[in-house]
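Have the model open in your viewer, with selection by residue number ready. The stops below go from one element to the next.

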Amino acid sequence: MEYEDMGVVDVFARLKSSREGLSGKEAVSRLDMHGFNELEVKKRITPFGVLLGQFANFIVWVLLAAALISFSINEIINFWVILFIVGFVIILGFIQEYTADRAMEALKDIVHPTTMVVRDGKLLQVLTRDVVVGDVLVLETGDRVPADAILFDILGLKVDESSLTGESVSVEKMENDPLFAGTQIVHGKCKALVTATGMRTKLGGIAGMIQEEEEKTPLQQKINGLAKVLAAIALMASGLAMVLGIITGAPLEKMLIIALALAVAAVPAGLPLTMTITLGHGMRHMARHKAIVRKMLGVETLGSTTVICTDKTGTLTKNEMTVERIVIDGLSIDITGAGYEPYGNFVVDGEVSDISKYRPVSLLLKAAALCNNATIEENNGQWGAVGDPTEVSLVAAAAKADIWKDDLELHYEKQHEIMFTSERKLMTTIHATAEGAVAFTKGAPEFLLERCIAVEGMDRSHDLGEEDVRAILDDNSRLASSAYRVLGIAYRELPQSWTVGTAEEDLTFLGLVAMIDPVRSEAKEAVEVCRRAGIKVVMITGDNEETAQAIGRKVGLDDSTVGTDGFSEKLKRIVADGAITGDELSSLSDTEFNDVVHDIAVYARVMPDQKLRIVRALQDRGEVVAMTGDGVNDAPALKKADIGIAMGIKGTDVAKESSVMVLQDDNFATIVEAVKQGRGIYENIEKFTCYLVSRNFTEVILILLGISLLGFELLPLLALQILFINMFDEIMPAIALGLDPVRDDVMHRPPRSRSERILNRRNLLLVISVALVMGLACFLVFLISDPVDNIDRARTLTFATIVSMILFIPFAFRSLEGSIWNVGLLTNRLMLLGVLSTAMLTLSVMYIPFLRDIFELTVLGLADWMLPLGVAMVTLVMVELIKKASSRVG
């Protein structure tokens with residue numbers, strides 16, 4: 001902060017303000033000068049921008065070129081059909097992407113819409129966006145801080161800064177301390193002088209960091225690469241045809257028709273549409289499982305993730321402090337149940353116990369609930385809380401024993417409160433009862449014991465001796481070393497002449513209360529599933545190292561190493577612990593950090609720019625990185641990661657805006673389902689891509705064989721016939737492959753390499769082999785059909801052969817390595833529907849006179865169909881054999 005070394009008096013002078021606030025006129029002037037108190041969006045997605053994005057696909061441009069060729073040679077029907085297909089694909093892609101972006105518009109608000117300020121010496125409520133530098137804020141428990149400020153006139157102030165720092169424990173604030181936009185007041189009240197607004201706040205600085213240009217996902221890179229290859233093949237095939245035409249002296253119009261046919265044949269026109277539908281279906285499926293994918297191409301990328309970088313607070317843990325253990329007179333009592341819900345049992349020596357028979361336990365829980373300013377309440381079946389998370393946990397623990405704060409307050413009227421301070425590390429409340437006044441005190445055990453003269457035992461209280469103190473402090477140390485936050489609880493029945501100054505003297509120690517932000521019940525299993533799937537889970541948090549490592553052990557983070565030969569002692573220690581702090585990370589060079597980044601499972605006390613460094617280091621090592629988080633502190637890394645995953649319930653709006661996916665239930669286990677679906681989607685993309693490309697290569701081979709061996713007059717298929725097959729006949733089976741049910745074994749395989757292509761070595765061999773077999777088979781059918789005598793009938797039989805293959809071959813592509821019989825013929829009902837619709841559509845084109853004339857086909861009798869169907873069946877057997885052989889190569 002610009003004013004961090006200055007006192008509040010000096011800041012008032014620098015900003016030309018006062019404790020009476022700005023004048024209304026001066027506030028308007030400053031608003032005009034500096035602008036609204038809101039985060040700017042440098043690049044907002046517009047409908048036109050989304051529409052333009054649909055033209056980034058090479059295949060679209062090849063088809064547009066084919067449309068221009070059609071128009072230039074007066075093939076008007078071809079021209080309009082191609083334009084219709086291009087327009088349909090573009091519009092569908094636009095609707096899918098723009099709808100997803102519009103669904104997130106509700107997440108734009110960063111702070112509460114109104115704020116209390118002092119202007120002209122009067123308390124005034126203004127729109128948060130109208131707050132200006134020099135305003136005096138008036139804040140109390142529950143308020144969200146609208147701008148960066150410096151504190152004065154505080155009363156027992158605690159602030160939840162977890163959205164910025166990742167710390168799950170609220171921070172005590174003093175006069176002259178800074179206050180940051182986006183944080184929340186959880187205890188006390190204050191006034192604060194605004195020192196920065198909008199993009200000039202710490203929150204704004206982080207927002208600026210996340211508005212960098214987005215990087216392409218692995219799938220985008222692979223699709224773009226494939227599109228370029230297919231476009232190159234189309235150009236090469238067309239160029240080869242032109243060369244052959246020049247050599248043989250063919251007319252220019254004929255050569256253009258052939259070039260058009262080859263261009264259309266080489267490009268799988270249904271690929272963009274199938275891709276869009278497959279990814280869109282994946283988005284809807286994930287939405288049903290509480291994962292909202294904001295960017296369509298991000299669906300698959302999650303499936304290729306090799307490392308998940310996750311925040312601790314609210315992601316692996318519940319972000320709800322929970323009392324898990326109390327220790328009274330040497331007796332340790334465990335408390336079950338997590339979070340703010342008042343449900344749980346008290347367990348003594350492994351057995352559920354009725355704690356009402358333990359008088360000191362009931363008294364401790366009563367004291368913890370009354371020395372407290374928090375509340376819990378049920379709303380529509382959900383338990384919520386107001387107040388400091390530590391105090392909320394104490395209220396919830398008492399409620400589990402059917403000790404309710406609201407009921408207690410009817411008999412214990414609160415008369416006074418001695419606020420917690422960092423110097424005293426104690427808080428005391430004084431209550432009036434029918435028997436007289438009583439004081440309840442909670443705080444740091446070592447400070448509390450100094451004020452105690454007695455200790456409550458199971459039977460009776462007795463004087464506090466040195467041995468008692470030593471035993472209590474040993475219990476405190478043991479609990480603290482297990483990452484618990486420990487408080488001591490004490491009380492005193494006050495004399496009639498009590499004073500505030502003596503209320504915290506001569507106390508009776510009741511016991512210790514140990515609390516922690518508990519691990520989500522499903523987190524450990526989710527981490528284990530990720531490990532089986534070859535995905536490393538890394539925890540990045542702002543919490544201290546001891547707490548972070550304890551949570552890491554509870555969820556089972558992998559801290560295995562791959563060797564430390566040649567490492568310095570510092571690096572060896574980091575690798576041995578599997579953990580590193582932000583300060584240690586700052587001391588490492590990029591080279592040192594890259595050496596150990598794979599061996600670190602826990603990062604503690606990390607700042608936002610360091611999270612970016614972690615993600616970049618992992619990406620430099622070839623990892624596909626997913627980052628989960630909910631705080632503003634996570635936003636830059638969410639933006640940089642290959643997949644940013646924000647929490648929908650407790651996530652900040654900045655985090656959601658930075659993400660590709662938002663988890664509606666904030667459940668880490670939801671990521672496991674998303675990973676499974678992502679892997680399944682990629683596998684389906686491989687299936688339909690191999691199917692479509694092999695189908696299109698079939699037509700390229702067929703046409704090249706025709707013009708090479710038979711000349712330009714005997715073309716086996718016309719461009720419009722090819723386009724009909726590519727767009728309408730093969731599209732339904734391709735879509736069925738894209739929506740094929742995800743197989744369970746996808747989570748038993750290691751992640752794919754980032755550099756692996758969709759048409760990898762195995763898939764390319766499969767595609768080329770299948771295309772050669774089908775292309776040769778179709779050419780043989782064309783030759784057998786005597787094209788010299790009746791070219792239209794020969795083309796019709798060739799057309800029917802390709803369509804017959806479409807009725808059978810897609811079933812083989814449901815698995816690129818397994819047999820069609822192992823996968824099952826009836827396990828994908830959409831495939832059956834697709835094959836049936838293909839058959840009906842083809843028969844309509846062939847037997848409806850108007851359509852038959854457009855596509856230049858002839859009528860085939862029942863006996864004529866024996867040849868196409870027979871060849872298709874034989875081809876299916878050949879494809880199965882090719883799959884078996886190519887799987888050995890892969």
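How many of the five residues of strand β27 (residues 643–647) are buried? Select 643–647: five of the five are buried, so the strand is mostly covered, where buried means under 20% relative accessible area with a 1.4 Å probe and protein chains only. Strands here are DSSP E runs of at least two residues, and helices are H or I runs of at least four, numbered from the N terminus.

This is a predicted model, in which local features need pLDDT of at least 70, side-chain atom pairs count only at pLDDT 80 or more, and totals for chains, interfaces and linings use all residues. Residues are numbered from 1 along each chain as its sequence is written, and side-chain values use heavy atoms, with hydrogens and water left out.

Now show the side chains of β27. I643, I645 and M647 lie on one side, G644 and A646 on the other, and both faces are covered.

- M661 in β28 stands opposite I645.

Move to helix α18, residues 523–532. A523, A526, V527, V529 and C530 are buried there. They cover an arc of only 160 degrees around the axis, which puts them on the same side of α18; the arc is that of the directions from the helix axis to the C-beta atoms.

To see what covers these residues, select β9 (307–310), α12 (312–316), β23 (536–540), α19 (545–555) and α26 (668–709), which are among the covering elements. Contact means heavy atoms within 4.5 Å.

Definitions and conventions:
Buried means under 20% relative accessible area, exposed over 50%, partly exposed in between (1.4 Å probe, protein chains only). Two strands pair if DSSP finds at least two bridges between them.
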